[in-house]
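I opened my notebook to record what I looked up. My entries follow the structure below.

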Amino acid sequence: MATGVFSGGRAKIAEKTLRTDRWWLQPALTVFVLLSFIVYATFRAFENAHYFAEPLISPFYSPCLSDACVKGSSLLGRPFGIFHVFGATFSPSLFILIFPLGFRMTCYYYRKAYYRAFWMSPPACAVAEPHAKYTGETRSPLILQNAHRWFFYAGLVFNVILSVDAILAFRNPDKQWGHMSIGTLVLLANATFLWLYSASCHTCRHTIGGRLRNFSKHPVRYKLWTYVSILNHKHQNFAWVSLFGVALCDLYVRQVSAGSITNLYFF
Amino acid sequence: MARKLKLRIWRGNSTDGGLQDVVVDANEGEVVLDVIHRVQADQMNDLAVRWNCKAGKCGSCSMEINGKPRLACMTRVASFEEDETITLTPLRAFPVIKDLVTDVSFNYKKAMEIPAYEAPAELKAGEARMAQVDVERSQEFRKCIECFLCQDTCHVIRDHEENKKSFAGPRFFIRIAELDMHPLDMLRNRKQKAQEEHGLGMCNITKCCTEVCPEHIRITDNAIIPMKERVVDVKYDPARWLGSKIRKRDGIL
Amino acid sequence: MSNSLERYKYDIVVIGAGGAGLRAAVEAREAGLRVAIICKSLFGKAHTVMAEGGVAASMGNVNDSDNWMVHFRDTMRGGKFLNHYRMAELHAKEAPERVWELEMWGALFDRTKEGKISQRNFGGHEYPRLAHVGDRTGLELIRTMQQRIVALQQKDARDHGDAESFIKVFAELTVTDILKDNGKVSGAYGYWRESGKEVLFEAPAVILATGGVGKTFKITSNSWEGTGDGHALALKAGGNLVDMEFLQFHPTGMVWPPSVRGLLVTESVRGDGGVLTNTDGIRFMFNYIPDVFKDKYADNEAEADRWYTDQANNRRPPELLPRDEVARAINSEVKAGRGTEHGGVFLDVSKRLPADVIKKKLPSMWHQFYELAGVDITKEAMEVGPTCHYVMGGVEVDPDSAAAVGVPGLFAAGEVAGGMHGSNRLGGNSLSDLLVFGRRAGIGAVDYVKGGAANPVSETSIHTAQEKIEKPFKQEGGENPYALHQELQEVAHNLIGIIRTKSEIEEAISKIAQIRQRAANVTVGGERLFNPGFHLIFDLDNMLLVAESTAKSALLREESRGGHTRDDFPGMNATWRQVNHISSFDGNQVNVKQQSLPSMPKELFDLFDIHELEKYMTSEEIAKGGSN
C-alpha cells in the first residue's frame with residue numbers, strides 16, 4: 001500500500017524527492033569516513049600489538065587491564081587474566097573499547113549521522129526513506145540510546161586516563177621527567193579533543209544546568225551552562241575532530257612502537 | 001533587470017494533478033511569492049496559494065521549492081541560477097487541497113492535545129516575577145510562526161502516514177519544551193506525557209526540522225534533546241528516579 | 001439550494017481572529033455563551049502578528065511616575081484631541097490589567113531586573129510604556145490568545161466531551177454579509193475559501209474584528225487580509241463609519257527593494273538610535289519640529305544624541321516625533337528633490353550602533369531585511385518612505401459596549417472600530433486597543449444576547465446573500481478583478497494618499513465610482529475550489545466602499561490633522577476639531593454627514609495643562625472647561 005509521500009490525498013508526485021542539489025553527498029561521505037574508521041579500529045583492536053612505546057600508549061589500549069598487556073603499559077594494574085578465544089589471545093583493547101564505542105554510538109550527533117547515512121531514515125531532508133515501518137527510538141534496541149549519560153560518565157573516566165597518559169608522555173623512554181616529544185603533543189591533542197567532545201555533549205549540557213527550571217537560583221550552574229552551550233554548538237565538529245584524533249594518535253603510537261618512525265624529542 | 005524565470009508549478013487537487021511549466025518575468029530583489037502572484041494575476045487566475053504577511057512572520061506561504069520545504073516569501077529569486085527551472089509543489093506531508101495549498105489541520109489537532117500553560121493557583125495578575133534568564137529558553141520557542149515546515153519535513157510522519165496518530169511533531173515538541181522550561185508552569189508531568197503520548201521517542205534527532213526552520217529555532221538541540229534528557233531523568237535513570245522519591249528537588253520535576 | 005446549505009447556530013459570531021476577535025471570544029466563552037470565530041486565513045496568522053514594538057500600558061514598571069492619566073493625555077495628544085475621550089479613558093485605565101492577564105495565560109514578555117514586565121520607550125509616550133518581547137510582540141499576543149482559546153476548548157472537552165462545543169474556529173472562511181431581520185442582526189453569511197461552499201451562521205450578535213483597510217492602497221504594510229471587510233459589512237448592514245479620512249501612513253516603510261516594499265521599519269529603530277537623512281546627508285528632522293512640541297524635542301544634534309544615554313536632562317531626538325510629523329517631513333524632503341530615486345529617504349542605524357547590539361536589540365528587523373532582500377541593516381542604511389499602515393477611522397461604536405451605532409446586535413473592536421485614536425494613533429496603542437475593546441465587545445455582546453430574544457434568519461435574507469455569491473460565475477466576458485484592484489490601488493495611493501488636495505480628491509471620487517460600475521460586471525474563471533480570483537471579488541467590493549468613504553470624508557475636512565493632510569489647508573483648525581465625519585451607505589453610494597464630537601467631562605479636561613488645550617480648542621471650549 002502506498003504510504004509516506006505517496007499516501008492517498010497527498011499531492012500526486014512520482015518522484016521520491018524533487019531536490020536538485022547533491023543531497024546524497026553528505027550521507028555518502030559519512031558512510032565512507034565512518035566505515036574507514038571502523039575497519040581501521042577493528043584491525044587495531046584485534047592486532048593486539050604495537051600499542052605501547054615507552055612513554056607513549058595508544059588510546060585504543062589504555063588502560064591496559066589484562067595479563068596479555070605488554071610490560072609497562074598497565075597504568076591501573078591487571079585485574080584480568082589472559083583469555084583465549086578460538087585459540088587467539090583476547091585483545092586487551094576489547095575490554096575498554098566498548099565504552100568509547102558506546103559513548104559515540106549513543107551520541108546525539110552520531111545518531112543523526114548514522115541514522116541518515118546507514119539507516120537512510122531519512123537519507124536527507126525531504127528525501128523519502130525506503131522503510132515501510134518506523135518506530136524510532138521507542139522500543140528495544142534503540143530505546144537503549146537513552147543510556148547515553150552512563151557512557152558519558154564512562155567517557156569522562158577515559159578522558160582522565162588519557163590525560164594522565166599525556167602527562168606521562170612528558171618523560172623519556174627511560175621514564176625521566178622533563179622531556180617532550182612529538183608523541184607528547186599527539187597525546188595531548190588527543191586528550192584535548194576528547195575533553196572538548198565530552199564537554200560539548202548534550203548530556204553534559206543537561207547535567208550541568210539544562211535540567212534546571214530556574215537558572216536565576218543557580219547562577220554558577222547557569223554560567224557553566226552558557227559555556228557548555230557555546231561548545232555544544234560545535235558538538236558535530238568536535239565529534240569528527242576527536243574521532244580523527246584518536247585514530248591518528250593510535251596510528252602514531254603504532255608506527256613508533258613498530259619502529260617505522262622515531263618519536264622525535266624536542267628536549 | 002527583469003529576467004524570464006522558468007517555473008514548474010504543481011497544479012491539481014486531492015485526486016489528481018501534475019507539474020505545469022510557465023515562464024514569467026522576475027525583477028531584481030523579488031522573492032518566489034512575488035513571482036507566483038504575477039503568474040496568478042496574468043496567467044492562472046485560479047492558482048491557489050496561501051499567504052499573508054509576505055514578510056516571513058506569519059508562516060502561511062509554506063511550500064516545497066525544488067524539493068525543499070520553504071517559505072515562498074523568504075526565497076529570493078536571485079538565489080537560483082540564471083537558467084534554472086524552479087519547481088514549486090505543495091507540502092508533501094499533508095493532504096493537498098488545491099495547487100500549492102495543503103490541509104494542515106493535523107497540526108491544529110495536535111495543538112489541542114498539548115495541555116495548556118497552568119499558572120500557579122495563588123498567583124494574582126500583575127504579581128508574576130520572572131528573571132530574564134529564566135524566560136529566555138522558552139522565548140526562543142515562542143518565536144515559532146507555525147509555518148509547519150518542520151512538521152512537513154519530519155520523516156516520522158512525512159514518510160509514515162500511520163505515525164500521525166501517535167506523533168506530535170517538532171512544532172509541538174518545542175511547545176512542550178517551552179512549557180516544561182517555563183519558570184511558573186505548574187503541570188509537572190509534561191516529560192512523561194511527551195514520551196508516552198506525544199511520541200518524543202519516535203524522533204531520531206536527524207535534525208531536518210532545525211534545517212528548515214525559517215526562524216532559526218534550534219529545535220533539536222534546544223528543545224528535543226533537552227526534553228529527551230529530561231525524559232531520561234524521570235523514566236530511565238534509576239539514580240535520578242530514586243533521588244526524586246527521597247526528596248522533591250527544587251524546580252526539576 | 002438552501003436544503004444543502006451548511007447551517008450553524010451560535011450565540012455570538014466573531015468575524016476576525018486577530019487579537020481583538022480572540023479576546024472577544026474568550027470573554028464570551030467565559031460568560032457561558034457559544035461562539036463561532038471566523039477567520040479569512042488560518043488560525044493564528046492574523047495581521048496582529050506583524051506588530052513589533054509592543055503593547056502600551058501604564059504599568060509603571062520602568063518609571064513609576066507613569067499612570068493611566070499620563071497615558072490618557074499622551075493618547076489624546078497623539079490623536080490631536082479628536083479621539084472619543086471615553087474610549088481613550090477606558091483604554092488607558094484598563095490596558096495594564098489586559099497585559100497582566102496575558103501573562104497569566106502564558107505570555108512571556110521581556111523582564112526588568114526585578115523580574116517585572118519590561119517596558120520600552122516609544123514615540124509619543126512620555127514614559128517607557130510598551131511591554132514587549134524583542135520586536136515580535138504581536139506574535140506573542142496572537143499566540144497567547146490562540147493558546148488561551150485552545151485551553152478553553154481543552155476544558156470544554158473535559159467538561160462537555162467535545163472541544164468545539166462552545167468555541168469553534170472556522171478558518172479560511174469569508175463572510176460576505178451580515179444578515180438582518182426585524183431591524184436587528186440575525187446572523188452572518190459566507191463561504192469556505194477552500195471549497196467555495198456557502199455557510200450560514202444564525203446568531204443574534206456579531207462582533208466585527210476584521211482589522212484594517214491597507215490593501216486599498218498601493219504601498220502598504222498590511223497583508224492581503226486588510227481589505228476593509230468589517231468596515232464594508234457594517235456599512236452594508238446600516239452602520240456608520242466615523243472619520244474615515246484618517247489613515248496612518250507609517251513614516252518608515254521600506255520603499256526598496258521590491259520584495260520588502262511596504263514593510264515597516266519599526267519605530268524602535270529610531271528609538272534605539274537610528275537617524276533619518278536625505279540624499280544631501282542632512283539630518284533633516286530638526287527642521288520639522290512643530291511649535292506644540294518645541295519644549296519636548298531637541299533642536300540640535302548634540303542634545304538629541306545625549307538623550308539616548310541621559311533621558312532625564314535632555315529633550316528627545318526629533319526622529320521620535322509622532323508618526324504623522326515624521327511622515328510629513330519625509331514627504332516634504334522627497335517632494336523637494338532630496339529623496340532617493342525610489343521616493344524615500346535614508347534611515348541609518350548602522351553608523352550609530354555596533355552590529356552585535358543592533359542584532360540583539362532588533363533581531364527580527366535585521367533578520368527580515370537580510371533574508372528577504374539581502375539588506376544588512378548593520379552595514380547599510382535603509383531606504384524608507386510612507387506606507388499605508390493603519391486606519392484610525394472605523395465603525396462608529398458606543399465606547400463602553402463596543403456596540404455599533406444604529407445596528408442592534410452588531411459590535412466592533414480593534415482597528416475596524418473608530419474613535420479611539422482620533423486623528424492619529426500612537427505606536428503601541430493598537431495592541432492595547434485590541435485587548436481592551438476586544439474584551440469590552442465580548443461583554444457588550446454577551447449582555448445583548450442575554451437580554452434579548454432569538455432573532456431567526458428569514459429565507460429572504462438567505463436568498464439575497466446567496467445571489468450575490470453566485471453572480472460572478474454566471475456572468476461572462478466581464479472585468480478582471482486583479483486589474484480593477486490594481487487600478488483602485490493606484491487611484492487611492494496617488495489621489496487620496498498621504499497628501500491630499502481638493503481637485504485630486506474629487507478626481508478620486510469620480511474614478512472610484514467608475515471602478516465600482518465596472519466591478520459590477522466582474523467575472524471569474526475556474527471553479528469555486530480555492531479560487532483566489534473569486535475571493536478578490538468580494539474584497540474588491542469592500543475596498544471600494546472604504547475608498548469612497550475615505551475620499552468623501554477627506555473632501556469635507558478642510559484642515560490638516562494627524563493622518564489627514566490637505567495641501568490646500570495645511571493648518572490645524574480648532575473648529576474642525578469639534579467635527580466627526582459619519583459615513584453611511586444607501587445601497588448606491590456612500591454619504592458623509594457631519595456630527596459634533598462628544599466633549600470631555602470636566603475631570604478629564606482638568607488633567608491637561610490649559611495652555612496645551614489652547615493649542616487645540618476654541619476659546620469657547622476653553623472657557624466652558626469641559627462638559628457638565
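Entry one: contact. I count two residues as in contact if their C-beta atoms, placed from the backbone, lie within 7 Å. This is a predicted model, where local features need pLDDT of at least 70, side-chain atom pairs count only at pLDDT 80 or more, and totals for chains, interfaces and linings use all residues. Residues are numbered from 1 along each chain as its sequence is written, and chains are lettered from A and ligands numbered from 1 in the order in which they are written.

Entry two: chains A and B. I found 44 residues of chain A in contact with 51 residues of chain B. On the side of chain A that touches chain B, α3 (108-117), α6 (202-210) and α7 (219-233) of chain A each supply at least two residues. Helices (H or I, at least four residues) and strands (E, at least two) are DSSP runs, numbered from the N terminus. The largest share on that side of chain A, five residues, is from α3(A).

I traced an open sheet of four strands, ordered β13-β16-β15-β14 (chain C), with antiparallel pairing. Two strands pair if DSSP finds at least two bridges between them. β13 (247-254) and β14 (275-277) of chain C are the edge strands, each pairing on one side only.

Leu276(C) stands opposite Leu347(C) in β15(C).
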